[in-house]
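User: I would like to go through this structure and ask what stands behind the labels used for it. Please set each value against its cut-off.

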Amino acid sequence: MSKNWYIVTNTEDLTDFINYGLIFDEQGFTGSGPVVNMTKDIPKGYISCFSEGNLFDAVQKAKQVDSNLSCCFLQLDFAQIANLTTWGDKSEKNGSIAYQMHDDIKNLINKEGINCILLPAPIPFSMIKRILLENGKSKKIVQSIYEEKFSSSDGFFSGNSKHFNELLKQENRGAELFDNQQKIEHQPSDVNINYSKIFSYGGALGLLYYQTKNGIESTDIFKLFSEFLPSYRNDISSNIENKNILKIIEPYSSYLFNDLSTENDVSTIYKLLIKKVAITNSYGENCQSILNILKNLDMAENYNSKCHGLSKALEKIVERTNEKDPEAILRLIINDLYKEDVDFKNLAFLLTMFFLRDHVETMLKYYHPDFTETHYSLLAIFFGMSYGIVNIPNKVRRIDDLSTWLSYKMADYAHNIDEDNTVEYKEPSRPLLLYGDIIKTNPTKVCLVHDIYLWIDRNFKKAPVSSLIESRFPFPKKASIEEGSMNVDGLLDLRLIIKIDILENLIQEKVKEDNLFDFKEIIDAYKK
C-alpha cells in the first residue's frame with residue numbers, strides 16, 4: 001500500500017524556505033540558524049521525511065523547544081524524483097535513528113517498516129504536493145507569504161486542524177518489522193553544501209529571465225546560462241553564436257563550478273568579489289569589501305594598476321566627489337575606457353553600476369541610452385550572483401511558473417556540481433518566454449497568434465508606429481495551391497509576424513518610466 005510522506009517543520013523555518021525558494025538543511029539557514037534544528041541527529045546535507053503515522057515524535061521534539069511553535073507538514077510528491085538512491089530506516093520512539101536500508105527511493109517509500117527516509121538536500125518546491133498547517137490562522141499567514149513569490153493551486157494549502165491532528169496519530173512500531181540481519185554498517189557521511197553559491201545561481205538565473213523582455217539576444221543568453229553545467233559545456237560551445245555568449249558567462253565558471261580550466265586574472269577577481277559580497281546584504285559593507293579587494297590584489301602588474309585605478313574611481317562615487325552624473329560615468333566606461341581589454345571593461349562597468357545602484361530593483365529600473373542587451377544581461381548575472389535569489393523583487397518572482405522552476409534549477413545545480421550525485425528531479429514547467437513562446441520569431445498562421453498579437457499591438461504601440469503586426473503570405477507551391485497559400489476553405493493562409501526590433505525599443509521605453517516590466521499581464525493575455 002502506498003504511503004504518504006512528510007517533512008516536519010514550523011512556520012518560521014518554512015518562511016525561510018519560501019524566501020530562498022528552496023528546502024534546505026541546517027547549513028542553508030542564515031543568522032542564528034533554524035528555529036528548531038530537525039536535522040541535528042542526522043548527517044549534514046540530508047533532510048529527514050516521515051511516513052504518515054510517524055509524525056508525532058518530530059512534532060513533540062519541536063514543541064519541547066517552544067510549546068507555542070506552529071508546526072506544519074510538507075507532503076511530498078515522489079513522482080517528481082527521476083532517480084535517487086538513499087537511506088531508509090525505522091526511527092524509534094526515543095528519536096534514535098538506526099540506518100537500515102540503502103536502496104532506490106521507489107523501493108523505500110513502499111517498504112513495510114520503513115518510516116523515515118533521508119533525502120539529500122536541497123529539495124525543490126516542485127517536490128511539495130501540499131502544505132498542511134495546524135489551523136486556519138497559520139494557513140492564512142503562510143499562504144500570504146508564499147503567494148508573494150509563488151503561484152499556488154487550489155488545495156495546495158490546508159488549515160484543517162482536525163485533519164492535522166489526525167496525522168499525529170501513531171502507528172504501531174513493533175520491533176518485529178526489522179531483524180538484526182537487515183542492519184547495514186555503511187552510513188551516510190556529512191555532506192558540506194555551499195548554499196551561498198546555490199542562492200547566487202538562482203539569483204542570476206531569475207534576473208536573466210526578467211531581462212528576456214529585452215529581446216532575442218537576451219533570451220539566448222538566459223537559455224544558455226540555464227544549461228550552463230560543466231557536463232553540458234562541450235555541447236553548448238558547438239556553434240559560433242554560443243561561443244560568443246559563453247564569453248559573457250565563463251568568468252563566473254570558476255566561482256560556480258570550481259572550474260580551473262577557465263580561470264584567468266578577470267575570473268579570479270570575479271570569484272573573490274562574489275564570494276565576499278554574496279554573504280551579506282549590506283550595501284555599504286559590500287562596497288567597502290570590493291574596494292579592499294581591488295586595492296590588495298596580487299596579480300599581473302597590468303591588472304594591479306587597472307584595479308587600483310578602478311578603486312579610486314569607485315571611491316569618488318562613494319565620497320560623491322565625481323563631477324560627472326551617473327549617465328556620463330557609465331558612458332565613459334562603455335565608449336572610451338579599457339578598449340584593449342573587453343573583459344576588464346565589463347568588470348569596470350558592473351562594479352560601477354553596483355556602486356551607483358544600491359539594490360536589485362533600482363538596477364532593474366535603470367535605463368541608459370548606450371546600454372545593449374548584453375549590458376542588461378551582464379547586470380542580471382552580477383547583481384543576481386551578488387544579492388542572491390532572496391533579493392529578486394516579488395513582482396518578478398510571482399511570474400507564472402518562475403519560482404517553482406528556479407527552485408528546481410537551484411536543486412539541480414546543487415546536486416550536479418557533486419561528481420557523486422545520485423539525485424535527479426523531473427523538470428517542472430519552465431516560465432513562458434516572451435520571444436519564442438509568446439512572440440514567434442517566424443511568420444506564423446493567423447489562427448495561432450491573432451489574439452495575442454492584437455493585444456500586444458494595442459498595449460505597446462506608440463505613434464508614429466501605425467502597427468506592430470506585419471502580414472505575410474507564404475509563396476504558393478508549384479501546382480499545389482492547397483498545400484501552399486490556400487486552406488481547404490479556399491481562404492488565403494495569412495501569416496503574421498511582430499516587428500520585433502520596434503517592440504524591443506518600445507519595451508525599453510517602459511523601463512524609462514521607472515517601473516518593472518509586467519510579465520504577468522502579457523502571460524495572462526496569452527493564456528486566455
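**Labels and their grounds**

Analyst: This is a predicted model. The axes of helix α11 (residues 265-277) and helix α15 (residues 342-356) cross at roughly 20 degrees and come within 10 Å.

User: Why is α11 called roughly parallel to α15?

Analyst: Angles under 35 degrees count as roughly parallel. The crossing angle is roughly 20 degrees, so α11 is roughly parallel to α15.

User: Which residues of α11 and α15 meet?

Analyst: From α11 they are V266, I269, Y270 and L273. On the α15 side they are D343, F344, N346, L347, L350 and L351. By class, this contact has eight nonpolar residues, one polar and one charged.

User: What makes I290 buried or exposed?

Analyst: The cut-off for buried is under 20% relative accessible area. I290 has 1%, and therefore I290 is buried. I290 belongs to helix α12 (residues 283-295).

User: What is I290 in contact with, leaving aside neighbours within four places in sequence?

Analyst: I290 is in contact with L273, V277, L314, L351, F354 and F355. Of these, L273 in α11 and L351 in α15 also take part in the contact of those two helices.

User: Why is R320 called exposed, and where is R320?

Analyst: Exposed requires over 50% relative accessible area. R320 has 76% relative accessibility, so R320 counts as exposed. R320 sits in the loop between α13 (301-319) and α14 (326-335). The phi of R320 is near 60 degrees, which is positive in a residue other than glycine.

User: What makes D401 partly exposed?

Analyst: Partly exposed is the range between the buried cut-off of 20% and the exposed cut-off of 50%. The relative accessibility of D401 is 29%, and therefore D401 counts as partly exposed. D401 is in the loop between α18 (394-397) and α19 (402-416). D401 is not a glycine, but has a positive phi of about 75 degrees.

User: How do you know that S126 is buried?

Analyst: S126 has a relative accessible area of 12%. Buried means under 20%, so S126 is buried. S126 is placed in the loop between β6 and β7.

User: Which residues does S126 touch, beyond neighbours within four places in sequence?

Analyst: S126 is in contact with Q80, T404, Y408 and P428. S126 and S407 are 281 residues apart along the chain, and their C-alpha atoms are separated by 7.4 Å.

User: Why does P43 count as buried?

Analyst: P43 has 9% relative accessibility. The limit for buried is under 20%, and therefore P43 counts as buried. P43 is in the loop between α1 (11-20) and β2 (46-51). The C-alpha atoms of P43 and V191 are 7.4 Å apart, while 148 residues separate the two along the chain.

User: How many cavities of 30 Å³ or more does the search of the whole structure find?

Analyst: The search finds two. The second largest cavity holds about 30 Å³ of space. Its lining consists of F460, K462, L506 and K510.

Key. Residues numbered from 1 in each chain as written. Predicted model: local features only at pLDDT ≥ 70, side-chain atom pairs only at ≥ 80, totals over all residues. Heavy atoms only, no water. 1 Å grid on protein atoms, 1.4 Å probe; cavity = no way out; pocket = protein on both sides within 12 Å on 5 of 7 lines; lining within 4 Å. Points joined across faces, edges and corners; volume = space filled by probe spheres on them. Axes fitted to C-alpha atoms, helices over the stretch in contact; angles between N-to-C directions. Helix = DSSP H or I, 4+ residues; strand = E, 2+ residues; numbered from the N terminus. Parallel < 35°, antiparallel > 145°, perpendicular 65-115°, else oblique. Contact = heavy atoms within 4.5 Å. Nonpolar A, V, L, I, M, F, W, Y, C, P; charged D, E, K, R; others polar. Buried < 20%, exposed > 50% of the residue type's maximum accessible area, 1.4 Å probe, protein only.
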